Amino acid sequence: MQLQTSKVLLIGLFLSSTLFGSSMIINLNLGSSFPPSNFESAPSIMSNISFLSSDGPIIEGSVGYISGEAKSGNSNDIKAVPVLASIKYRLTLKSKIHPYIGVKGGLSFLNSAYDATGLTYALTTGLLFNLSHDTKLFFDITKFYIDTGDSAYLFEPLTINAGIGIAFGESHKRKRVFNKRRKRRKSKPARRPSPRGPRESRSY
């Protein structure tokens, strides 16, 4: 019991410290889903709210839309709206490109041909591009596993998306102000000594 309590406290401290020292990014990703062979590929949409810590961890909530058109009459078309929470880790490199990897979990709301909701989890990886302090680009590859209620198979689409995000947050603002001050200090010219030298005192 004490071990479980300590684990919960450690996770809580980790999440609170991540959120406290983070910037928030809201982004929209568009792309395609590539389901198993018995379904046709289809467009996919995913909207995310991410909290990025300066140390690398990312806490994220997302909602999206994934579909698959059945190739034969033995299967039904599927439409899923996944609502997920995820934990990612971003490599904090000294560049404008940051790779990341993570896991997702939650529920998917399915169309009437299947159960109302399905347990969903996913593995994800991608790249975050810092275009500016406020604008980010994302390239994301995610493998979904959606329980459809049919014991014959899971719906396992692979999605490839790209999108744009806008950053907010106090730590983000502090970093932008610090960078501006550093640029001003670098651009300030050094004072040169006077070519005339020291003035001679006159005696009368």
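## What you're looking at

This is a predicted model, so local features need pLDDT of at least 70 and side-chain atom pairs count only at pLDDT 80 or more, while totals for chains, interfaces and linings use all residues. Residues are numbered from 1 along each chain as its sequence is written, and side-chain values use heavy atoms, with hydrogens and water left out.

## The overall layout

The chain has two helices and nine strands. Read from the N terminus, the order is α-β-β-β-β-β-β-β-β-β-α. Helices (H or I, at least four residues) and strands (E, at least two) are DSSP runs, numbered from the N terminus.

Of the 204 residues, 32% count as buried. Here buried means under 20% relative accessible area, exposed means over 50%, and partly exposed is in between (1.4 Å probe, protein chains only). The accessible surface of the chain comes to about 13600 Å², and 61% of that belongs to carbon and sulfur atoms. Those areas come from the Shrake-Rupley method with a 1.4 Å probe; for residues, only the protein chains shown count as cover. As for contacts (heavy atoms within 4.5 Å), take those between residues at least 6 apart in sequence: 55% of them join residues at least 24 apart.

Strand E7 covers residues 117–130, and its side chains alternate. Gly 118, Thr 120, Ala 122, Thr 124, Gly 126, Leu 128 and Asn 130 point to one face and are buried.

With E6 (residues 97–110), E7 runs antiparallel, joined by 13 bridges, and a hairpin of six residues links the two. Tyr 100 has Gly 126 in E7 as its bridge partner. With E8 (residues 135–146), E7 pairs in the antiparallel sense over eleven bridges, and four residues lie between them in the hairpin. Across that pairing, Thr 125 stands opposite Ile 141 in E8.

## The nonpolar cores

A nonpolar core is a set of buried Ala, Val, Leu, Ile, Met, Phe, Trp, Tyr and Cys residues joined through side-chain atoms within 4.5 Å. The largest one has 13 residues, and Phe 39, Ile 78, Leu 110, Tyr 114, Phe 144, Ile 146 and Phe 155 touch the most other members. E4, E5 and E8 each give two or more residues to this core, with the largest share, three residues, coming from E5. A second, separate core has seven residues, including Ile 25, Tyr 100, Phe 138 and Ala 167.

Leaving aside neighbours within four places in sequence, Ile 78 is in contact with residues including Phe 39, Ile 66, Leu 110, Tyr 114 and Phe 155.

Arg 90 is found in strand E5 and, at 10% relative accessibility, counts as buried. Beyond its neighbours within four places in sequence, Arg 90 has contacts that include Leu 52, Gly 56, His 98, Tyr 100 and Leu 128. His 98 sits in strand E6 and is buried too, with a relative accessible area of 6%. Not counting residues up to four places away in sequence, His 98 touches Arg 90, Gly 126 and Leu 128, among others. The C-alpha atoms of His 98 and Gly 56 are separated by 9.7 Å, though these residues are 42 apart along the chain.

There's one salt bridge in the structure, meaning a side-chain nitrogen of Lys or Arg within 4 Å of a carboxyl oxygen of Asp or Glu. Lys 88 and Glu 60 make it (3.0 Å, N to O). Lys 88 lies in strand E5 and Glu 60 in strand E4, so the pair ties together parts that are 28 residues apart in sequence. Both Lys 88 and Glu 60 are buried.

Leu 28, Leu 30, Ile 45, Val 63, Tyr 65, Val 81, Val 83 and Phe 109 make a nonpolar surface patch of about 640 Å². Strands E1 (22–34), E4 (57–70) and E5 (78–90) each give two or more residues to the patch. Patches are made of residues with over 30% relative accessible area and no salt bridge: like charges are joined within 9 Å, nonpolar side chains (Val, Leu, Ile, Met, Phe, Trp, Tyr) within 5 Å.

Terms used:
Pairing = 2+ DSSP bridges.
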